[in-house]
Amino acid sequence: MSEPLLSVRNLRVYFPIKKGILIQKIVGYVRAVDNISFDLYKGEILGVAGESGCGKTTMVRSIIRLVDVAQGEILWNGVNLLTLEGQKLLEIRRHIQMIFQDPYSSLDPRMTVGTIIAEPLEIFSRRGILSFNKTQIQEQVDELLQTVKLSPHMKNRYPHEFSGGQRQRIGIARALALRPQLLLADEPVSALDVSIQAQIINLLRDLQRTFSLTFVFIAHDLALVRYIADRVIIMYLGHVVEQAATEDIFANPLHPYTKALLSAIPIPDPNVEKKRKRILLSGEVSLPSREQKGCIFYDRCPSRMAICKQHNPAFVSISKGHKTACFLYSKEEIGKDSSTGI
């Protein structure tokens, strides 16, 4: 296999919890992302799934340096992005762009669509990374609008004049403006109607093939993840609990949390739906600020054992490319670090 385009190693993102009015003291931390590692290869779509609050968005925002990282490495072609600042960071950042979840709040309502799409081209041209003049920038804007199936004549309109699906296309056009290699898609269709979701997903697939793009794709809809992703990582409370090729995850889920997620997917066959067994999780999700000994899923796990309360399971390989962190498969790994390293 070729060298990874992006490597995340032991990534931790903590948000401080402060108390006090005049003098604020840090009394703890929210462990939004806690010791995550994975590799991403050129041309691949990596799906990220898990409940709300499990750290998916924080993880992708940390990759593009929108949130501060407490510890770890983010390697882009072997270069650690966390050690870069200023012009050097900007030169790499043009290759990593983000599609935000909410097309209603991610576009500036005071700017025309043409100005929104042109802005990254103007900024990077001013900084000497690109060399577009005003005429060339407008040509690029027209081309980008056509790429996302919108008319160039719309570039003088404002975001409020567009539907949700059209706004998300504008957001995609802006993300494509710098011709990036990697797109971080943070639930890009969750705010859209189902019929529009299909159009946007098919557009992203077409763009991936046309521009040889690599994706990190976040979604709650596991059926959507199965359709678009090549590999999947399942997150729970800031940790990766399972990772595998998409079909392996759906055909042979290993971690009890993954099994519970997949059992919640409705099947459009009433006979099959009636016979299959649902896995209902009891208990409450632990607070990400709480120090927890043992497995993070212990309080809700239907397969928990005594060992799970005392030790944190290591992230181990069960078969080629299929890894999980569970004592059902890794009892011999007691005492080892639970890093999700590869």
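Aspartate 34 and arginine 12 are both buried, buried being under 20% relative accessible area, exposed over 50% and partly exposed in between (1.4 Å probe, protein chains only). This is a predicted model, where local features need pLDDT of at least 70, side-chain atom pairs count only at pLDDT 80 or more, and totals for chains, interfaces and linings use all residues. Residues are numbered from 1 along each chain as its sequence is written, and side-chain values use heavy atoms, with hydrogens and water left out.

Those two buried residues pair up in a salt bridge, with 3.3 Å between the closest N and O atoms. The term covers a side-chain nitrogen of Lys or Arg within 4 Å of a carboxyl oxygen of Asp or Glu, and by that rule the count is 10 salt bridges. Aspartate 34 sits in strand 2 (residues 25-40) and arginine 12 in strand 1 (residues 6-19), so the contact ties together parts 22 residues apart in sequence. Strands (E, at least two residues) and helices (H or I, at least four) are DSSP runs, numbered from the N terminus.

Another of the salt bridges joins aspartate 142 to lysine 155, the closest N and O atoms being 3.0 Å apart. Here aspartate 142 belongs to helix 4 (residues 134-147) and lysine 155 to the loop between helix 4 and helix 5 (164-176), so parts 13 residues apart in sequence get tied together. Aspartate 142 is partly exposed because its relative accessibility is 24%, while lysine 155, at 17% relative accessible area, is buried.

Then there is glutamate 247, whose side chain meets that of arginine 226 in a salt bridge (3.2 Å, N to O). Glutamate 247 counts as partly exposed at 45% relative accessibility, and arginine 226 counts as partly exposed at 41%.
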